[in-house]
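These are my notebook entries on one structure, kept in the order in which I looked things up.

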Amino acid sequence: MPIKILVTAKRVEDYESKIKVNAQGNGIVLEGLKYKINPFDEIGVEEALRLVAKHGGGEVVVASVGTKDVHEQLRHALAMGATRAIWVNHAGPLDQMTVAGCLQKLIEKEKPDLAILGKQAIDDDQNQVGQYLAEWLGWSQATFASKEESLESEAEKSKTPALQLSADAKTLTVIREVDGGLETLECSMPCVVTTDLRLNQPRYASLPGIMKAKSKPIEEHTPATLGVDATPKITVTKMEHPPARKAGIKVPDVATLMDKLKNEAKVI
Amino acid sequence: MSNVLIVVEAQPDGSLRKATLNALTAGQQLASKTGGELHAVVLAKDAAALANTVKEYGVKVVHAGSAPHLAQFTADVVAPAVAELATAIKAGYVGAAATQAGRDVMPRIAARLKAAMASEILGVVGASSADLQFTRPMWAGAVIATVKLSTAIKCFTARTTEFAPAEKSGAGEVKAFAPAAPAKALQKIVSFKEVKSARPALTEARVVVAGGRGTKGDFKDINALADELGAAVGASRAVCDAGWQPNDLQVGQTGKVVAPQLYIAAGISGAIQHIAGMKGSKTIVAINKDGEAPIFQIADYGLVADLFKVLPELQAAIKAAK
């Protein structure tokens, strides 16, 4: 049974970037930063592709909100194998409520069976959009999706999807990372899933994939055309670095370390 | 004046999850700044017993919501029950601890209340209710942002390491209420595989011994040292990704955030993502063969050595010192 899945591709600073607060203390220094697809979103794209492959085809639609720069992240998802893309054109500050509102409207138009989002974006680290979206759609939610097998297991090597869709496509079984262990959650479809680190290892885009992505369509919307109020409800008024932890000393051996822990730090 | 409502979490055995006490302190700070009352809500099949425990911790009212459909703490049923109560008691702030459960349910509660939310708050700034703001980490803790929420109701999760646990300070009132059951169930928990350990919980331990890629998956010496110290065991992302240790032991921005008295990092290079989860520790010891590893830039005491050689030595020294 073919399956239609909506995924996301937020544009974020590369996780290896050194983030510096600007002189005004109201933003970060943008010069020299590299941008990538949010790694958790990339895991979502991978899982969607695996599900479509397993369930006899379908469609993976990737969406992103931002300036035209987000085309880079949409093309990345298309090169991995997503079918087509939707760009919500918006400049200026964005918060989780606006993004969830835009995704809600897109989902009401597109009517996918499932939405898979990153559990959080690695820039603002809020971890909210999936849950807002599920509530506003009235869908089930499975946050922090993971699996029991490790990323070096056979199941991972054979690109088996971790999310289990029932034969009648009415329920989705998701293993979640919860406090104190792993939970198996059975969700009625449609469902919003958010991905954790160990759901899968995303594939590299192949050269033919990159070539094909260039001709795949990107549909354009704006929050206004979707009927979403983009006024931020969350405003960052100040940014600063946390107090730096000073490097301590190197000790030559265990005896010196023991002495320091006992007599200087007094923690043993 | 804004009332503050804190969502209480239970452990699998039904007892209080300690992280809730940290969230209550965040709630207390907000209540005193706004001049409002601190309320808490317990949701369960039978919420009375846990509500009676929570009322001791400086809470004005504990709302005990008991209903058969609340037997499982899932977001689809928790969100409507909390939102309904928050509206009834005119809560201006609704929050929970930044545990996995809190991170799961709180945004759905906020969505239902059309409220904006600040995740993993580190503090509350501003003196009066008109200009209260939250501080919270961004970019894996590389930046601390001060954020202002402009919706009528405001939601948050509180990072447990930044708020001391609430202490017992006289009994509040317990009020029972019966949340309405939703039209249909959306989700159910079919099983829970608990990571059982005789060691203290990672987020509550006084000492944490953590291993990274340098262990090559061999945690024998890490475990032995941890047991000598009565410590919890932690791990880096690489270790959990490889399946060498359960995911539940991962320390880092997206795993557990810990702040013990002593954190011993063995064979951990110190990626920013890992450091974000442990840099609040009082004393940090790094043991690594690579003297250039970034972990040494934040360690109080660094030992450039083979962990398989020095961990047993350290264990023996600690044993001898007892």
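Predicted model: local features only at pLDDT ≥ 70, side-chain atom pairs only at ≥ 80, totals over all residues.

**Entry 1: aromatic rings**

I searched all chains for aromatic pairs, where rings of Phe, Tyr and Trp (its six-membered ring) pair if their centres lie within 6.5 Å, with planes under 30 degrees apart counted as stacked, over 60 as edge-to-face and the rest as tilted, and I found three such pairs. For Tyr132(A) and Trp136(A) the ring centres are 5.4 Å apart and the planes stand at 75°, so this pair is edge-to-face. Both residues belong to helix α4 (residues 129-137) of chain A, where they are four residues apart, about one turn of the helix. Helices (H or I, at least four residues) and strands (E, at least two) are DSSP runs, numbered from the N terminus. I also noted that Tyr132(A) and Trp136(A) are both buried, which is said of residues under 20% relative accessible area, while exposed means over 50% and partly exposed lies in between (1.4 Å probe, protein chains only).

I then turned to Tyr93(B) and Phe134(B), whose ring centres are 6.2 Å apart with planes at 85°, so this pair is edge-to-face as well. The pair links distant parts of the chain, since Tyr93(B) sits in strand β4 (residues 91-97) of chain B and Phe134(B) in strand β7 (residues 133-138) of chain B, 41 residues apart. Tyr93(B) and Phe134(B) are both buried, and together with Phe156(B) they form one aromatic cluster.

Residues are numbered from 1 along each chain as its sequence is written, chains are lettered from A and ligands numbered from 1 in the order in which they are written, and side-chain values use heavy atoms, with hydrogens and water left out.

**Entry 2: where chain A meets chain B**

How many residues does each chain give to the contact? I noted 79 residues from chain A and 87 residues from chain B, contact meaning heavy atoms within 4.5 Å. The area buried between the two chains is about 6800 Å², and carbon and sulfur atoms give 52% of this area; buried area is the accessible area (1.4 Å probe) that two parts lose on being put together, summed over both. Glu135(A), Asp179(A) and Arg245(A) supply 11% of the area that chain A buries against chain B, more than any other three residues.

I counted eight salt bridges between chain A and chain B, a salt bridge being a side-chain nitrogen of Lys or Arg within 4 Å of a carboxyl oxygen of Asp or Glu. One of them joins Arg17(B) to Asp179(A), with the closest N and O atoms 3.2 Å apart.

**Entry 3: Lys119(A)**

Is Lys119(A) buried or exposed? Its relative accessibility is 4%, so Lys119(A) counts as buried, and I found this residue in the loop between β6 (114-118) and α4 of chain A. Its side chain makes a polar contact of 3.2 Å with the side chain of Asp196(A), where a polar contact is a pair of N or O atoms within 3.5 Å; within protein, one must be able to donate a hydrogen and the other to accept it, and residues adjacent in sequence count only if both atoms are side-chain atoms. A polar atom of the Lys119(A) side chain also lies 3.2 Å from the backbone oxygen of Thr254(B).

Leaving out residues up to four places away in sequence, Val88(A) touches several residues, including Cys102(A), Leu106(A) and His221(A).

Ser150(A) is placed in the loop between β7 and α5 (154-157) of chain A, and with 17% relative accessibility Ser150(A) counts as buried. A polar atom of the Ser150(A) side chain lies 3.0 Å from the backbone nitrogen of Glu152(A).
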